[in-house]
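Biologist: I would like to learn how to read a model of this kind with some care, one feature after another. Could you take me through it, giving the general idea and then the case at hand?

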2 protein chains.
Amino acid sequence: MKITRMHGAGGTVMQKLIKETILGNLENTSVNGGIGLESLDDASTIPLGDKEIVFTVDGHTVKPIFFPGGDIGRISVCGTVNDLSVMGATPIALSLSIILPEGFDIENLDKIMKSINEACKEAEVSVITGDTKVSNVDDIIISSAGIGIVGLGNAVRDSGMKEGDVIIVSGNIGEHGLTILLTREGFEFESELKSDVAPINGLVKSVLDAGFKINAMKDPTRGGLADSLNEMAEKSGLGILIHEDKLPISNEVQFIGEALGIDPLTVANEGKVVMAVRAEDSEKILEILKIHPLGKNAKIIGTVTSEHKGVLMETLVGKRIVDTPLGDPIPRVC
Amino acid sequence: MKITRMHGAGGTVMQKLIKETILGNLENTSVNGGIGLESLDDASTIPLGDKEIVFTVDGHTVKPIFFPGGDIGRISVCGTVNDLSVMGATPIALSLSIILPEGFDIENLDKIMKSINEACKEAEVSVITGDTKVSNVDDIIISSAGIGIVGLGNAVRDSGMKEGDVIIVSGNIGEHGLTILLTREGFEFESELKSDVAPINGLVKSVLDAGFKINAMKDPTRGGLADSLNEMAEKSGLGILIHEDKLPISNEVQFIGEALGIDPLTVANEGKVVMAVRAEDSEKILEILKIHPLGKNAKIIGTVTSEHKGVLMETLVGKRIVDTPLGDPIPRVC
């Protein structure tokens, strides 16, 4: 069998490949009883004294490499910072493995590095190690691994939501994925749309520092909010009911999504977080999120239930199933 | 200006790119006063309590992906484990970022994952986090970042050699690079040559556990022993004098190197270590190395001196300069 685009698109096809061919062959997948690879969470952990080292990696390919709102450099920092953030960790250090094609413009590499620097300053992380190779690729690829620190036992899992929890999303969805699609395909919408790519560690910290517990958390990148909600539901063995009229979606994303026949729920975000929190904390957490510039459009979008499995959405015409996308509707957006 | 193969080949051209375009643009390059990116050592460190987290990354492209003695999977584990090992750290965890081309054979991915698993068991490390993407690449690329642990202040630097130190290399040089070249180019030597790719953490540990201090250490990969020795010399401000007749080189590598006009000193190794140690410890360290299967051909090859800068080699016809290669004589071998 051969690899297809779907194997890298963050949906069910990719999950099968990862579980069978990758996880299925590896025997050593955790350290010191920490969260391991088999959890398929946003990051893993290594207990060390009274702390846990949180460790994650993301390989970044995006076409075009420069787009409204960001570039591959900014994504390389934010994607990894955000994976650490949704574990409840404080991101501290990144590694960058840069693969360049022959003929790549050094001026563009310079721009990308400047963008990486700006994003690192925003996120208060450092690039402490790196590697550069030149190979047969059609464009630059940046793999960024990251290290964060969390107190022992305090990591937030994507599996931890409880019945009755409230689901909050931190802002408008679908902006990154649709921006990439419009830019790449050259659709002629007159659009102000830009990617939401941003480091969310400050936003998450504002909730944790206020003393609130987050039961489960993810950043809805590849596969969009639909993928994240389904994973949270599946891993907890519970269901999620969301309400279409409560989803934070800009008019622009709504319009473009409808025009192109693409559901914004299935499209990548690069500066958002979705969390399950106790119902009694939810309004206060919403208030805290709204104070932060990246959380001003935060919304309560649903609740956790044991009445069904998976994700359902209440719409004007009744409930519909929100499935895990088979694969990303927009190949290579993140 | 455009990127060329030389920018990824581990020589002076690449060093210029890294120093100017990559390091030159980054402001946050270290954490908590640890060893940072600007040191350009084999790994960096993050002090945490009475320990330091050691962090490194390598992007692996190799053609062909299967070769005598190993494959891209085994290199991905060993390359990163070895970078941690030469810092004096105990490697514990790896991340894998896998980039696959469309059409890649899933059976080959399966073989690579099995090889990764075997190498992890040999090195006693775990793959705890990963990411898979499908992109426009001509063959599989694996970036592996790694975490190791060392006691606070105990990291071994590549800059720490002292006048009078003795230089030891742990075994026969040039085998990986020449194996790749022969396999890729299909030269018709009847050859038993195979890559030396192996995790050297056990070998290094045997020296450290015996209580010996290693003043400086590197694993001579891209650019070969010539590159590593020059870097150790430059960073310490001292010179190294090595002796051609003491270099551990197999007859096969010697013969093939001469036939192809390639100096084994400039060719990648993937299972070797070069160290600078106190003269009075050197014979005992050599004995310890020789007990380990990966160190049986270890040799004392030279000494550290303040009489000249850089690296000189005593040959039958006098001394010659051993330069940092401009770039790898064999593109994309590691």
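Modeller: Let us begin with burial, which is judged from relative accessibility, with anything under 20% taken as buried. In this predicted model, A:Phe55 has 0% relative accessibility and therefore counts as buried, and B:Phe55, also at 0%, counts as buried too.

Biologist: Which aromatic pair do A:Phe55 and B:Phe55 form, and what are its distance and angle?

Modeller: For two rings one reads the separation of the centres together with the angle between the planes, and an angle over 60 degrees counts as edge-to-face. A search of the whole structure finds one aromatic pair over all chains. That pair, A:Phe55 with B:Phe55, is edge-to-face, at 6.1 Å centre to centre and with 80° between the planes. Because A:Phe55 lies in strand E2 (residues 51-60) of chain A and B:Phe55 in strand E2 (residues 51-60) of chain B, the pair joins two chains.

Biologist: Where does the charged end of A:Lys111 sit?

Modeller: Here one looks for a charged group placed over the face of a ring. The charged end of A:Lys111 sits over the ring of A:Phe66, 5.0 Å from its centre, and in chain B, B:Lys111 lies over the face of B:Phe66, at 5.0 Å from the ring centre.

Biologist: How should I read helix H2 of chain B, and why is it said to be largely enclosed?

Modeller: One can compare the length expected of a helix with the distance between its ends, and then ask about its surroundings. At 1.5 Å a residue, the 14 residues of H2(B), residues 72-85, should span 20 Å, and the end C-alpha atoms are 20 Å apart, which agrees. Since 14 of the 14 residues of H2(B) are buried, the helix is largely enclosed by the rest of the structure. At its start, a side-chain oxygen of B:Asp71 reaches to within 2.8 Å of the backbone nitrogen of B:Gly73.

Biologist: In which helix is A:His176 found, and is it buried or exposed?

Modeller: A:His176 is found in helix H4 (residues 175-185) of chain A, and at 0% relative accessibility A:His176 counts as buried. The C-alpha atoms of A:His176 and A:Thr221 are separated by 8.9 Å, although these residues are 45 apart along the chain.

Biologist: What is the mean pLDDT of chain A, and what does the model score for ipTM and pTM?

Modeller: Chain A has a mean pLDDT of 94, with 96% of its residues reaching 70 or more. Over residues 330-334 of chain A, however, the pLDDT is below 50, and this stretch has 28 contacts in the model beyond near neighbours in sequence. The model scores ipTM 0.94 and pTM 0.95.

Terms used
Residues are numbered from 1 along each chain as its sequence is written. Chains are lettered from A and ligands numbered from 1 in the order in which they are written. Side-chain values use heavy atoms; hydrogens and water are left out. Helices (H or I, at least four residues) and strands (E, at least two) are DSSP runs, numbered from the N terminus. The expected span of a helix is 1.5 Å times one less than its number of residues. Buried means under 20% relative accessible area, exposed over 50%, partly exposed in between (1.4 Å probe, protein chains only). A polar contact is a pair of N or O atoms within 3.5 Å; within protein, one must be able to donate a hydrogen and the other to accept it, and residues adjacent in sequence count only if both atoms are side-chain atoms. pLDDT is the predictor's confidence in each residue, from 0 to 100. Contact means heavy atoms within 4.5 Å. Rings of Phe, Tyr and Trp (its six-membered ring) pair if their centres lie within 6.5 Å; planes under 30 degrees apart count as stacked, over 60 as edge-to-face and the rest as tilted. A charge sits over a ring if NZ of Lys or CZ of Arg is within 6 Å of the ring centre and within 35 degrees of the ring normal.
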